[in-house]
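Please read the points below with the model open. They cover aromatic contacts, charges over rings and nonpolar cores.

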Amino acid sequence: MDEAPLVRPALERDELSRIVALLDSAAPRYATLRAPSRQFIWRNSRTTTVTLLSPELTLGVNSSLPYGFNDGPAWQGRGLHLQGIGGLAITRGPFRLIVAPQYVYSENSDFQTVPYPQGSGKDRSAWANPFHPAPSGIDLPLRFGNQPVRSLQWGQSSATLRLPVVEIGLSSENVWWGPGVQNALLLGSQGAGVPSAFVRTQSPVTTRFGTWDGWYSVGTLRESQFFDRAPDNDRRSVGAFAAVWRPPQTTGVEVGLSRVVILADDAPLSALFAPLGSVGRPNGPDSLNAGSRDQITSLWTRWAPPGVGFEAWAEWARFEEPASLRDFLESPGHSQGYTVGLQWARRLHSGSARLWSEATYLEPSPSLRLRPVGTTYVSRSVPQGFTVHGQPLGAGIGPGASSQWIGGDVIHLRWRAGAYAARVRWDNAALFTPVVPEVRREDISLIGGLRFGGTWRRLHLLLDWAHAVRLNYLFQAYLSEPATGRTQGIDIVNDALTVTLSTPWQRGVK
């Protein structure tokens with residue numbers, strides 16, 4: 001029986017594929033619309049073929065606080081956590097079934113949180129996010145209850161039927177749309193995949209007017225157990241589409257457009273056409289009459305000349321649609337968010353090296369001085385906001401946040417070593433709301449990390465250690481210094497160590 005890896009977005013195999021595409025002009029072009037089923041090698045045969053999916057196990061521990069990015073359905077709470085994935089792919093002719101369940105566990109040890117006020121009549125859980133109270137809302141618990149978290153999910157499973165030019169199917173896998181390395185503004189890997197039906201191009205379609213790639217999906221979002229106690233709103237519908245165009249010349253330039261619309265009701269047929277229509281201005285504070293749906297639209301561009309070893313990208317999103325052309329011309333940046341980044345790679349004697357950097361900004365836009373601005377991913381129309389199972393659909397830094405990342409790696413034939421640093425300002429949109437008491441200080445994480453990996457026979461090991469200092473944790477800055485009378489914040493140090501065991505899929509990047 002053959003064995004092949006699943007390439008999950010934003011994890012090691014995915015980033016190595018991206019580096020290969022930068023360095024080798026003959027390698028397949030790296031796709032900004034991707035999912036494990038789309039990056040899996042298609043073996044079209046009249047007989048039934050079974051391929052074993054390379055198993056992968058990740059174990060980790062957080063010393064003081066939850067910490068983790070782009071880890072799919074896992075909840076990396078305080079203490080021990082683990083995630084395992086494996087399975088098989090069955091292919092016959094134009095049909096392929098991937099069964100790739102994921103088991104996740106988190107010790108979920110106790111740490112300080114701020115409970116959601118009870119007795120307010122809003123029926124929110126004590127674990128719900130207190131910084132976005134009703135009527136706005138987002139299903140983003142500070143902690144997933146006070147018990148260990150265990151679940152077995154369909155994970156990266158999918159069923160795909162190939163037709164001429166396009167393929168259709170069902171999936172529960174993580175989908176990543178956009179050029180970002182660390183953050184995807186609309187659909188990313190911070191939470192579980194969305195159970196959905198899709199139609200997409202088999203691969204980019206080349207025409208005389210350029211190369212086109214497209215994706216359309218309709219799915220169901222589920223609420224976590226730690227948002228509210230109302231069972232009638234546990235499911236929402238989501239419709240989304242994305243399209244990418246590259247000009248006829250091989251310049252390495254591409255332009256993308258994507259849109260996500262969520263409906264408060266579980267109405268897949270309505271969600272089917274929702275991304276094609278206008279939904280008004282649903283995400284701002286003045287959106288009480290916008291109806292029971294919400295939306296985000298994004299544009300992006302990426303420049304990656306084949307074989308040059310360099311790329312740059314930018315993605316811009318608007319979370320509240322303009323009321324008119326005049327409104328857009330007056331405040332084009334109202335309710336915006338963006339990501340910009342670049343990556344450089346070079347060949348070495350027995351491998352390669354790379355440097356990368358990315359910045360994401362989802363904090364309130366400057367138009368806040370003139371008009372109310374809603375918090376990104378938070379909604380007044382759909383109480384759970386842009387989340388699935390209590391984690392963000394898009395950027396892992398979450399609502400109203402910003403981040404700056406920089407990192408570098410040396411990737412040898414049989415080992416790799418790298419380092420990275422980051423600054424994350426958490427949920428800064430909430431800082432100047434009545435929910436945060438005086439004295440107000442920004443909640444910021446300063447992160448430094450090291451990564452080491454190596455391959456020995458049939459085992460590949462990747463170690464990731466991150467040391468993070470959380471300043472003014474949950475905006476707490478009320479401790480008084482007796483000598484000066486000034487206040488200081490509550491600062492918490494967290495060490496996060498993860499160990500990923502898998503079978504090797506390629507020995508370095510040549």
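**Notes on rings and cores**

1. The charged end of Arg-18 is placed over the ring of Trp-313, 4.8 Å from the ring's centre. A charge sits over a ring if NZ of Lys or CZ of Arg is within 6 Å of the ring centre and within 35 degrees of the ring normal. Arg-200 likewise lies over the face of Trp-215, at 4.7 Å from the ring centre.

2. The model is predicted: local features need pLDDT of at least 70 and side-chain atom pairs count only at pLDDT 80 or more, while totals for chains, interfaces and linings use all residues. Residues are numbered from 1 along each chain as its sequence is written, and side-chain values use heavy atoms, with hydrogens and water left out.

3. There are 14 aromatic pairs, where rings of Phe, Tyr and Trp (its six-membered ring) pair if their centres lie within 6.5 Å, with planes under 30 degrees apart counted as stacked, over 60 as edge-to-face and the rest as tilted. Trp-212 and Trp-245 form a tilted pair, because their ring centres are 6.2 Å apart and their planes are at 45°. Trp-212 belongs to strand 13 (residues 210-222) and Trp-245 to strand 14 (residues 235-246), 33 residues apart; strands (E, at least two residues) are DSSP runs numbered from the N terminus. Trp-212 is partly exposed at 42% relative accessibility, and Trp-245 is partly exposed at 29% (buried is under 20% relative accessible area, exposed over 50%, partly exposed in between; 1.4 Å probe, protein chains only).

4. Tyr-338 and Tyr-361 are stacked, because their ring centres are 5.6 Å apart and their planes are at 15°. The pair ties strand 18 (residues 336-348) to strand 19 (residues 351-361), across 23 residues in sequence. Tyr-338 is partly exposed at 32%, as is Tyr-361 at 26%.

5. Ring pairs also join Tyr-67, Phe-69, Trp-405, Tyr-420 and Trp-426 into a cluster.

6. The largest nonpolar core has 48 residues, of which Trp-177, Val-260, Tyr-377 and Ile-447 touch the most other members. Such a core is a set of buried Ala, Val, Leu, Ile, Met, Phe, Trp, Tyr and Cys residues joined through side-chain atoms within 4.5 Å. Elements giving two or more residues to this core include strand 15 (253-263) and strand 25 (459-471); strand 14 gives the most, with four residues.

7. Which residues does Ile-447 contact, leaving aside neighbours within four places in sequence? Among them are Tyr-67, Tyr-420, Val-424 and His-467, contact meaning heavy atoms within 4.5 Å.

8. A second, separate core of 12 residues includes Leu-142, Ala-430, Val-436 and Ile-492.
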